[in-house]
Amino acid sequence: VGEHQHVGIGVFGKEGNQAVQSSDYAIAQFRFLEKLIFLHGRWSYVRCAGLISYFLYKNLIFTVPQFLFAFVSGYSAISYWEDLYIATYNMFFTSLCVLCMGTEEKDVNPMLSDEIMQEYPRFFYVGQKNLNFNRGSILGTWGLGFVHAFICYFVSIYAMPSIVNSYGFTEDMWFHSLTCYTCVVVTVTANLLTRMRSWDKILGFAITGSLLTYLFFFFVYDQYSGNRAYKEAQDLAGTAHFWLCILLCFGACNMADLGYAAWHNWFNPSEIAIF
């Protein structure tokens, strides 16, 4: 209703379906309007805001190491990632996490959401005040992405010792590239735990499925002779430093996030976090 509405809602009536056909959402009765706005409308805002922030974060942490590599490669435009690893990052390794964030996030206790949203409509202020997607939240996402990218890159560069591969050669750039890439995938996937409050079987499936898909690709593609990092993965997997680098990046990037979230919820909880 009015000239400045953001979403058009049509109601089926005896006067016809013209309003329904030109609306964004259609309901059968006016009593469904409350649930549409205060429950599904609010969830839509929370999920869209979280999805965009997570998408920015995961692509920043993926892109910044390539920028940092330019400083040590003489600005030669050599890609820090192997070609197929670039193509599969968004398509396979992080797609389930994005889908889970965009469809399953419920920042209020999922077991009580329907009752709470209708009994406490003031929770709608999160969208009205744009608390989840504003300039501060975007800058925070950028900052977090840069910090995590720096951690993954420099840990993979300086924590890996000199390694002799199965052909008798010392390590090359692909040793560090694959180590950094693995740290990025693990960090981005685990970061979903700090962003989503709704932990359920679907979230577990998304995280487990993403990591297993990457491990399968990591070892199978390693056997393909057209891979520029041919047989590098099997040499990496046989070293303890490779797995320790992953644990170090995971701890440095995500444990701090979990600690801050726990401190905020315990000592400075929002009205929503109480539920």
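**The side chains of S79 and Q66 are joined by a polar contact of 3.5 Å.** A polar contact is a pair of N or O atoms within 3.5 Å; within protein, one atom must be able to donate a hydrogen and the other to accept it, and residues adjacent in sequence count only if both atoms are side-chain atoms. This view, like those that follow, shows a predicted model, in which local features need pLDDT of at least 70 and side-chain atom pairs count only at pLDDT 80 or more, while totals for chains, interfaces and linings use all residues. Residues are numbered from 1 along each chain as its sequence is written, and side-chain values use heavy atoms, with hydrogens and water left out. S79 is found in the loop between α2 and α3, where helices (H or I, at least four residues) and strands (E, at least two) are DSSP runs numbered from the N terminus. The side chain of S79 also reaches the backbone oxygen of W81, at 2.8 Å. When neighbours within four places in sequence are left aside, S79 is in contact (heavy atoms within 4.5 Å) with Q66, I86, M173, W174 and R228.

**Y75 and A77 in the loop between α2 and α3.** Y75 has a positive phi of about 55° although Y75 is not a glycine. A77, which is likewise not a glycine, has a positive phi of about 70°. For burial, the terms are buried for under 20% relative accessible area, exposed for over 50%, and partly exposed in between, with a 1.4 Å probe and protein chains only. Y75 counts as exposed because its relative accessibility is 58%, and A77 is exposed with a relative accessible area of 77%.

**The buried residues of helix α3, which spans residues 83-93.** Which residues of α3 are buried? They are Y85, T88, Y89 and F93. These residues cover an arc of only 130° around the axis, which puts them on the same side of α3; the arc is that of the directions from the helix axis to the C-beta atoms. An α-helix has 3.6 residues a turn, so residues three or four places apart point the same way. The cover over the buried residues of α3 includes α2 (33-72), α4 (95-104), α8 (173-195) and α9 (201-220). At the start of α3, a side-chain oxygen of E82 comes to within 2.9 Å of the backbone nitrogen of L84.

**The one salt bridge that the structure holds.** A salt bridge is a side-chain nitrogen of Lys or Arg within 4 Å of a carboxyl oxygen of Asp or Glu, and here D83 forms one with R228, the closest N and O atoms being 3.1 Å apart. The pair links distant parts of the chain, with D83 in helix α3 and R228 in the loop between α9 and α10 (232-237), 145 residues apart. Side chains of opposite charge can pair when their charged atoms come close. D83 counts as partly exposed because its relative accessibility is 49%, and R228 is partly exposed with a relative accessible area of 39%.

**I207 in helix α9.** Is I207 buried or exposed? I207 counts as buried because its relative accessibility is 14%. When residues up to four places away in sequence are not counted, I207 touches T189, L192 and L193. I207 and C97 are 110 residues apart in sequence, yet 6.7 Å apart in space, C-alpha to C-alpha.

**A nonpolar surface patch of about 670 Å².** The residues that make this patch are I52, L56, W142, F146, F150, F154 and Y158. Patches are made of residues with over 30% relative accessible area and no salt bridge, like charges being joined within 9 Å and nonpolar side chains (Val, Leu, Ile, Met, Phe, Trp, Tyr) within 5 Å. Accessible areas come from the Shrake-Rupley method with a 1.4 Å probe, and for residues only the protein chains shown count as cover. While α2 and α7 (135-158) each supply at least two residues of the nonpolar patch, α7 gives the most, with five residues. F146 is found in helix α7 and counts as partly exposed because its relative accessibility is 33%.
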